[in-house]
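Please keep the sequence and the structure in view while reading.

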Amino acid sequence: MRAAVLNRPGEVEVVERPTPEPGRHEVLVRVRAVGVCGSDTHYYDHGRIGRFVVEAPLVLGHESAGVIEAVGEHVDPARIGQRVSIEPGVPCRRCTECLAGRYNLCPDMVFYATPPVDGSLAELAVIDEAFAHPVPDGVSDEAAALLEPLSVGIWACRKGGVGPGSRVLVTGAGPIGIVAAQVARASGAAEVVVADVNPHRLSAATALGASRAVNTAETSLEQAYAGRPGPEVLLECSGHPGATADGIRALAPAGVAVLVGMGGDELPLPLSVVQERELTVTGTFRYANTWPTAIALVATGQVDLDALVTARFPLAEAERALTASRDDPRALKAVILPQQ
């Protein structure tokens, strides 16, 4: 099979690799679509994210979907031919975190495209059968792949306690910010404000259901909320220190700040605001038990993932796909089609 391999920062090569064999409880998936994530681009640029360092050739990609082509000996052969979305992390299912339902915090998690584990930017990939989620025919291959970033948005909203009547501020109108805003709206939020400096992304956010867009290059969040109640929940999806601090300052008393975006290792916080308003600040790390909700949101039309796709590339152009968002300010989500 062909696979796109990161040899070193700034160098991706499409190579021939042996076809993987599914283990006893695994399925072999012919991959039809892979979304490009900011983490893929970060590995491409820097060769590492935090403590995860690329020390050997690595197959990128973890937002993926396809069709089951073969199954292991303990998997029902009726699953062959089933369209699936791949949940890219397999936990141990035995540790304290897994048994508590927080399997995203499993210390022995095996996660696609996290060194040294290969990802799914290839013609074929294997995954534990429990993490190959069947999708209905009304969900496209590309949308099925993007259930992974949608799961990030679902997890963020859960961590923030978003529900009917919530006032929500989303900082960062990239793909994660836009799906988080859609999930907040689907959860019954009364107001979903999205803030960014990119007018094209803000237009996409309002087209997909945001109540209001704030271009923070022109209007500060303080000005945007002047005379209005502050948000009860901040979903910080930019990773930008200034946006994080400004978003926290905008929160209403007893509000919750959910840090989603990938920024630096350390971040200055407006501590006096956190203390005086009794704010809660929490991080997020991946997700747990989100795929059933993600599938339902897309299948019922409450979340539109197909609208996020602004560019498509064959596997041979994987390297160009990794930098597409830098080259075009209108870009949202690039998708690679490994069968092309």
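Of the 101 residues in the largest nonpolar core, Leu121, Ile127, Leu147, Leu150, Leu235 and Leu305 touch the most other members. Such a core is a set of buried Ala, Val, Leu, Ile, Met, Phe, Trp, Tyr and Cys residues joined through side-chain atoms within 4.5 Å, where buried means under 20% relative accessible area (1.4 Å probe, protein chains only). The model is predicted: local features need pLDDT of at least 70 and side-chain atom pairs pLDDT 80 or more, whereas totals for chains, interfaces and linings use all residues. Residues are numbered from 1 along each chain as its sequence is written, and side-chain values use heavy atoms, without hydrogens and water.

- Leu147 has contacts (heavy atoms within 4.5 Å) with Ser85, Val135, Trp291, Ala294, Ile295, Val298 and Leu305, leaving aside residues up to four places away in sequence.
- Another core, of 15 residues, lies apart from the largest one and includes Val214, Leu221, Ile248 and Ala250.

- Three strands form an open sheet in the order 2-1-6, with antiparallel pairing; strands pair if DSSP finds at least two bridges between them.
- Strand 2 (11-16) and strand 6 (58-59) stand at the edges with a single partner strand each, so one side of each has no neighbour in the sheet.
- Strand 1 (residues 2-8) pairs with strand 2 over 6 bridges, and Arg2 stands opposite Glu16 in strand 2.

Definitions and conventions
Buried means under 20% relative accessible area, exposed over 50%, partly exposed in between (1.4 Å probe, protein chains only). Helices (H or I, at least four residues) and strands (E, at least two) are DSSP runs, numbered from the N terminus.
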